[in-house]
Amino acid sequence: ASLLSRHPVTGSLWFPESALGAKGASEVLLAAERAALPVRFLSNLNSPPGWNCWLSPFAPGNESSPLCLAQTRGGKKILLTGDMGQRTERWFLESLHPFPTADVLKVAHHGSRKSSSLDFLHASGAKLALIGVGKRNRYGHPTAEAIARLKESGFKVRRTDVEGTVSVYGFDLLTGFTEEI
């Protein structure tokens, strides 16, 4: 809600149907209305253009985070994980056949101790991990455990707490970065 009240946002706000009862949901929707931002409801059948999204069956909160696969204009894919923990990761691994794979993984829950299981990391197919996290945050994210799992899985890790804004360009393991993602 504070982001929508402080910054101009264009396009639409995609809001998970399953989060309507979550704490703060009404404030976010009210802020979108004040900003004249159209609200679209994310479901298993309704996702932003170029995206596929799947909702978990869990009650509102971190474990209800959707899993989304977005494709860039250049054909690269990024797997977006929200704040899900290992319980939700396991549910998606058991429920989605085939499991969606990507070039880039946005690491769940800012690299918390309870996210990014080895099975999930391997199933993602990605080799580049992006961690969006504030510098010196009070939660200690990303945790040493999450970073260790990413490194053990062979990921190149990019972090906003270390690098600031992270811009990623097309990614080819053999020839390097070639096209914008």
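This is a predicted model: local features need pLDDT of at least 70, side-chain atom pairs count only at pLDDT 80 or more; totals for chains, interfaces and linings use all residues.
Started with the cysteines: both Cys-53 and Cys-68 are buried.

With a cut-off of 2.5 Å between cysteine sulfurs, Cys-53 and Cys-68 qualify as a disulfide, at 2.2 Å S to S. I get a count of one disulfide by that rule. I also looked up the torsion: 115 degrees about the S-S bond, so a right-handed link. Cys-53 sits in strand E3 and Cys-68 in strand E4, so the bond ties together parts 15 residues apart in sequence.

Then the sheet. I find six strands in an open sheet, ordered E3-E4-E5-E6-E7-E8, and the pairing is mixed. Which strands are at the edges? They are E3 (51-54) and E8 (156-159), each pairing on one side only. Ignoring direction, neighbouring strands are turned by 20 degrees against each other on average. At the E8 end, I looked at E7 (residues 128-131), which runs parallel to E8 and is joined to that strand by four bridges. One pair I wrote down: Ala-129 has Val-157 in E8 as its bridge partner.

Last, helix H3 (residues 86-95). Which of its residues are buried? I have Thr-88, Glu-89, Phe-92 and Leu-93 down as buried. They span an arc of only 140 degrees around the axis, which puts them on the same side of H3. I then asked what the buried residues of H3 pack against: E3, strand E4 (67-71) and helix H4 (118-124).

Conventions:
Residues are numbered from 1 along each chain as its sequence is written. Side-chain values use heavy atoms; hydrogens and water are left out. Two strands pair if DSSP finds at least two bridges between them. Helices (H or I, at least four residues) and strands (E, at least two) are DSSP runs, numbered from the N terminus. Axes are lines fitted to C-alpha atoms, for helices over the stretch in contact, and angles run from 0 to 180 degrees between N-to-C directions. Buried means under 20% relative accessible area, exposed over 50%, partly exposed in between (1.4 Å probe, protein chains only). The arc is that of the directions from the helix axis to the C-beta atoms. Contact means heavy atoms within 4.5 Å.
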